[in-house]
Amino acid sequence: MSEEAFAVAATEAEVEAFRAATACAQDGDILPSTFPMRWLASPAVRQMLMAAVPELGLVPVHEGQSFDYERPLRVGERYRLTLVSRRETEPARLLVDGRIEDADGAVLAKLETILRLVVVGEPA
Amino acid sequence: MSGPFGQGERLRQGEMAPARRLGPWTAADVAAYAAASGDDNPLHFDPAIAAAAGLASPPIHGMLLMGCFEPYLAAWRPDARLVRLSAKFIRPVLAGEAVELSAKVVRAGDPAVLRLKVKRDAELVCLAEAILRVDP
């Protein structure tokens with residue numbers, strides 16, 4: 001199990017592109033509920049998650065996802081995203097729990113990601 | 001607000017949002033989502049990797065599908081606020097395939113709980129739950 005925290009924020013352009021890609025007609029400064037997935041794909045987070053899956057020949061397949069919101073997240077606001085990852089075996093999975101806090105430490109949202117790890121190549 | 005509901009009216013047990021057809025998603029749609037989300041998992045682009053994972057062709061991102069749920073619910077009840085959204089991706093949806101999304105209130109009140117189903121023909125490919133609050 002590993003835990004790490006990251007500073008995250010969303011620009012207007014990022015949110016606009018995300019809305020366009022999900023046919024989301026909403027506007028305003030509130031982030032789409034699934035937008036935090038973009039933060040999970042950032043290089044720093046990816047490095048943390050890849051460290052949890054060092055084997056070659058595995059690809060993640062999304063099995064489940066949840067978001068719980070205490071308050072909406074907004075464009076331009078800076079947040080602290082804390083992620084805890086852990087592995088499961090049989091079947092192989094990577095589970096990622098996250099919480100998103102504001103500058104005062106208030107938890108605004110939580111997320112859970114379940115990735116099934118599928119063998120697509122020969123292990124090294 | 002359009003639709004039969006008054007502003008701030010609570011969601012009622014058994015109410016259903018009109019079903020909506022989603023997709024078919026093209027390779028360009030998948031690429032646009034990958035760019036917007038940063039999720040460039042090769043499973044979604046490389047037919048050989050998709051085949052090695054047992055799929056006939058690359059699937060769309062599950063999160064591309066899930067990303068459609070909030071706009072769907074907001075179009076139905078723009079006065080409702082999403083406080084929880086969860087999904088289980090049961091079967092992959094391949095690029096080029098279309099699905100149907102539906103939602104039903106399974107627990108009335110405030111917040112209300114909705115069950116969302118995504119079906120490809122009769123096959124359930126994604127089961128989701130949304131919790132909505134309706135501000136008076």
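This is a predicted model: local features need pLDDT of at least 70, side-chain atom pairs count only at pLDDT 80 or more; totals for chains, interfaces and linings use all residues.
Two strands are taken to pair if DSSP finds at least two bridges between them.

**Interface between chain B and chain A**

- On the side of chain B, 29 residues are in contact with 28 residues of chain A, and the two chains bury about 2,300 Å² between them, with 57% of that area on carbon and sulfur atoms.
- Within chain B, the residues that lose the most area to chain A are B:Ala36, B:Met63 and B:Glu70, which together account for 21% of what that side buries.
- The polar part of the interface comprises 11 residue pairs in polar contact, counted with both residues at pLDDT 80 or more, and the count of salt bridges between the chains is 2.
- One of these salt bridges links B:Arg84 to A:Asp68, whose closest N and O atoms lie 2.5 Å apart.
- The elements of chain B that give two or more residues to the side touching chain A are helix H1 (27–37), helix H2 (47–52), helix H3 (62–66), helix H4 (69–76) and strand E2 (80–89), and E2(B) gives the most, with 8 residues.
- Sorted by class, the side of chain B that touches chain A holds 19 nonpolar, 5 polar and 5 charged residues.

**Strand pairing across the interface**

**Strands around E4(A)**

- Strand E4 (residues 93–101) of chain A has 7 of its 9 residues buried, so the strand is largely enclosed by the rest of the structure.
- Strand E3 (residues 79–88) of chain A is joined to E4(A) by 9 bridges in the antiparallel sense, with A:Val84 standing opposite A:Asp97 of E4(A).
- E3(A) and E4(A) form a hairpin with 4 residues between them, and A:Glu90 in that turn has a positive phi of about 50°.
- The hairpin of E4(A) and E5(A) has 5 residues between its strands, and A:Gly105 takes a positive phi near 85°.

Conventions: Residues are numbered from 1 along each chain as its sequence is written. Chains are lettered from A and ligands numbered from 1 in the order in which they are written. Side-chain values use heavy atoms; hydrogens and water are left out. Contact means heavy atoms within 4.5 Å. Buried area is the accessible area (1.4 Å probe) that two parts lose on being put together, summed over both. A salt bridge is a side-chain nitrogen of Lys or Arg within 4 Å of a carboxyl oxygen of Asp or Glu. A polar contact is a pair of N or O atoms within 3.5 Å; within protein, one must be able to donate a hydrogen and the other to accept it, and residues adjacent in sequence count only if both atoms are side-chain atoms. Ala, Val, Leu, Ile, Met, Phe, Trp, Tyr, Cys and Pro count as nonpolar, Asp, Glu, Lys and Arg as charged, and the others, Gly among them, as polar. Buried means under 20% relative accessible area, exposed over 50%, partly exposed in between (1.4 Å probe, protein chains only).
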